[in-house]
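Please walk me through this structure, one region at a time. Keep it plain and brisk.

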Amino acid sequence: MAIMITEECINCGACEPECPNTAIYEGGVNWELTGKSYGDGDAAPSGATGFYSSEFFYIVPDKCTECKGFHDEPQCAAVCPVDCCIPDPKHVETEEQLDYLTRNHIRFLQGYFFYKPLPFKELVKVLLSKPKVKIRVE
Ligand code: SF4
Ligand code: SF4
C-alpha cells in the first residue's frame with residue numbers, strides 16, 4: 001500500500017511536512033531509509049523502482065503506510081491543493097495483505113503494471129479503445 005504523486009504536482013511543498021513517515025521528498029533530493037541514502041535509479045529494498053522524480057515531489061513506497069497508525073486518511077492527499085496524491089497502482093496490498101507479507105518477510109510486493117483492476121466488460125472497452133490492440137472475446 002502506498003500513495004504516489006502524479007506529474008500534476010505544482011511543487012507547493014504542502015504535503016512533505018504532513019507525512020508521519022518522512023516518505024515524501026522534493027524532486028531531485030535523495031531519499032533515506034535506515035541510515036542509507038538512495039538517489040535517481042536506485043531500487044528500494046522492496047525492489048520498487050520508478051518512483052523517484054527530479055521534477056516534482058515524490059513518495060518512497062517502502063516508507064508510505066497510507067498514514068495507517070497515524071491518521072484516518074492519507075495526509076498528503078488531504079492537504080494537496082491539486083489532488084495529485086493518488087493510490088500507487090504498483091503497491092495495492094490491503095492492510096491485511098501487507099501485514100501477512102511483512103510477517104513472512106516477503107519484501108517483493110504485488111502490484112499491477114498495465115492497468116488498474118477492472119471488471120471484464122470494462123477491460124474489453126479499454127482494450128478496444130486502443131487502436132493497436134487486437135483482442136478476441138470468446
Ligand atoms: S499517505 Fe501518509 S505516509 Fe504515505 S506519503 Fe502520504 S502522508 Fe506520508
Ligand atoms: S501538496 Fe500536492 S502539489 Fe503540493 S507538493 Fe505535495 S503533491 Fe505536489
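Trp31 sits in strand 3, which spans residues 31-33. The model is predicted, and the description that follows is read from that model. Is Trp31 buried or exposed? Trp31 counts as buried because its C-beta atom has 22 C-beta neighbours inside 10 Å, and the cut-off for a buried residue is 20 or more.

What does Trp31 touch? Leaving out residues up to four places away in sequence, its contacts are Tyr25, Tyr38 and Val60.

Now step back to the whole chain. The protein chain has 138 residues, and buried residues make up 22% of them. Trp31 is one of the buried residues. The chain holds three helices and six strands. Read from the N terminus, the order of elements is β-β-β-β-β-α-β-α-α.

Next comes the nonpolar core. The largest one has 21 residues. Which of them touch the most other members? They are Ile24 and Ile59. Strand 1 (3-5), strand 2 (24-25) and strand 5 (58-59) are the elements that give two or more residues to this core. Strand 1 supplies the largest share, three residues.

Ile59 shows how these parts meet. Setting aside neighbours within four places in sequence, Ile59 is in contact with Ala2, Ile3, Met4, Ile5, Ala23, Ile24, Phe51 and Cys64. Ile24, in that list, is the other residue named with Ile59 for touching the most core members.

Ligand 2 is surrounded by 15 residues. Here the closest are Cys9, Cys12, Ala14, Cys15 and Cys80. How many charged residues does the shell around ligand 2 have? It has none; the shell is made of 13 nonpolar and two polar residues.

Note on methods
Residues numbered from 1 in each chain as written. Chains lettered and ligands numbered in written order. Predicted model: local features only at pLDDT ≥ 70, side-chain atom pairs only at ≥ 80, totals over all residues. Near = placed C-beta within 6 Å. Nonpolar A, V, L, I, M, F, W, Y, C, P; charged D, E, K, R; others polar. Helix = DSSP H or I, 4+ residues; strand = E, 2+ residues; numbered from the N terminus. Buried ≥ 20, exposed ≤ 12 C-beta atoms within 10 Å, placed from the backbone. Contact = placed C-beta atoms within 7 Å. Core = buried A, V, L, I, M, F, W, Y, C linked by C-beta atoms within 7 Å.
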